Amino acid sequence: MGSSRVSAQSNELHRRVVITGLGAVTPLGADIESTWTRLLAGESSCAPITAFATDGHTVRIGCEAADFEPERWLDRRSLRRTDRFTQLALAAARMAEADAALDVAREPDRVGASIGTAQGGVESLAQCCAGAASARINPRLVTAFMPNMAAGWVSIELGTRGPLGAPCTACAASAMAIGEGYDAIRLGRADVMLCGGSEAGITPLAVAGFAAMRALSRRNDDPAGASRPFDRGRDGFVMGEGAAVLVLEERAHAQARGATIYAELAGYGVSSDSFHMTEPDPVGLGQARAVRAALADAKLDASDVDYINAHASSTALGDTTETAGIVVTEEEPDRNGATDTRV
């Protein structure tokens, strides 16, 4: 799956969409400010995993959101009913809501949410499977691991009654959640959307599963150097956890209430490789289609773009394919990569 967004002059046929709120919980910090400060300082959050005993695991490193305190955001009853990926999403959504000075209660029917995830509540799923062996399953576990639970809890806790979405499309899930929110606003289905993604994959099941696929870096003795996208010595990604949510808003609506506008979303494109379950198309056809669709939607040329936020998976095939897909072409390349290319 490929997904791409560009920011510039908006498509005049649709309502304009801007970003008015930011919220995040990451391995670098439990809020936007600390995350951004440590990111600019070039710090790494990769370290030996502490969430579970890694004896016997081939991969023993990860990026944990160590500073996250879920009890700050949920009461005890809600904590018992939710998976960590939902807790992270709720915290990020609350931060974004506060940052945007948004009052959802004023017009709940015009506010929606779209929160993507690749795995959902994988920790709760593992608990459910373990309980099945003894036929003793906590009834709350099923609703805890469902991928749409983060979006559902954000909607319930914030009181949104507009469009609700939960893309579950692997690495493209969060980008698609933002794209769906963007479409909902510009097509008039909502005035405000809380959009983003959440993941809590540092569990024995997830780490062992991705390690078996040989998708994870095994630099257990060099955590800080484990994630090395586009580097010749890359050997996989590092499992992490966290959540980020944006408040998207119709431009006139944001201006009318005096909201701070961080940026404008101008185009969205989505595509599929139709190639392989885990390997990307080596020519980068799917990614190129998504980029071209986003540019066309925004009425922009590739030369108008001065920054690309790369997926940068640090996997052998992923980085090579992304490099190829970044080249936006006038003509569709064939499977051998033959085409007249214009950068």
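**A short tour**

Guide: A search of the whole structure finds 1 aromatic pair. This is a predicted model, where local features need pLDDT of at least 70, side-chain atom pairs count only at pLDDT 80 or more, and totals for chains, interfaces and linings use all residues. Residues are numbered from 1 along each chain as its sequence is written, and side-chain values use heavy atoms, with hydrogens and water left out.

Visitor: What kind of aromatic pair do Phe210 and Phe237 form?

Guide: Rings of Phe, Tyr and Trp (its six-membered ring) pair if their centres lie within 6.5 Å; planes under 30 degrees apart are stacked, over 60 edge-to-face, the rest tilted. Here the centres are 5.7 Å apart and the planes 75° apart. The pair is edge-to-face.

Visitor: How many residues apart are Phe210 and Phe237?

Guide: Helices (H or I, at least four residues) and strands (E, at least two) are DSSP runs, numbered from the N terminus. Phe210 sits in helix 8 (residues 204–212), and Phe237 in the loop between helix 8 and strand 8 (241–250). The pair links distant parts of the chain, 27 residues apart.

Visitor: Is Glu241 buried or exposed?

Guide: Buried means under 20% relative accessible area, exposed over 50%, partly exposed in between (1.4 Å probe, protein chains only). Glu241 lies in strand 8. Its relative accessibility is 10%, so Glu241 counts as buried.

Visitor: Which backbone nitrogen does the side chain of Glu241 reach?

Guide: A polar contact is a pair of N or O atoms within 3.5 Å; within protein, one must be able to donate a hydrogen and the other to accept it, and residues adjacent in sequence count only if both atoms are side-chain atoms. The Glu241 side chain makes its reach at 2.7 Å.

Visitor: Which helix gives the most to the lining of the second largest pocket?

Guide: On a 1 Å grid over the protein atoms alone, a pocket is an open set of points where a 1.4 Å probe fits, with protein on both sides within 12 Å along at least five of seven lines; lining residues have an atom within 4 Å of a point. This pocket is lined by 15 residues, with Glu241 among those nearest its centre. The top contributor, with 3 residues, is helix 4 (residues 122–132).

Visitor: Where is His253 found?

Guide: His253 has a relative accessible area of 15%, so it is buried. Ser78 is 33 Å away from His253, C-alpha to C-alpha. His253 is found in helix 9 (residues 251–256).
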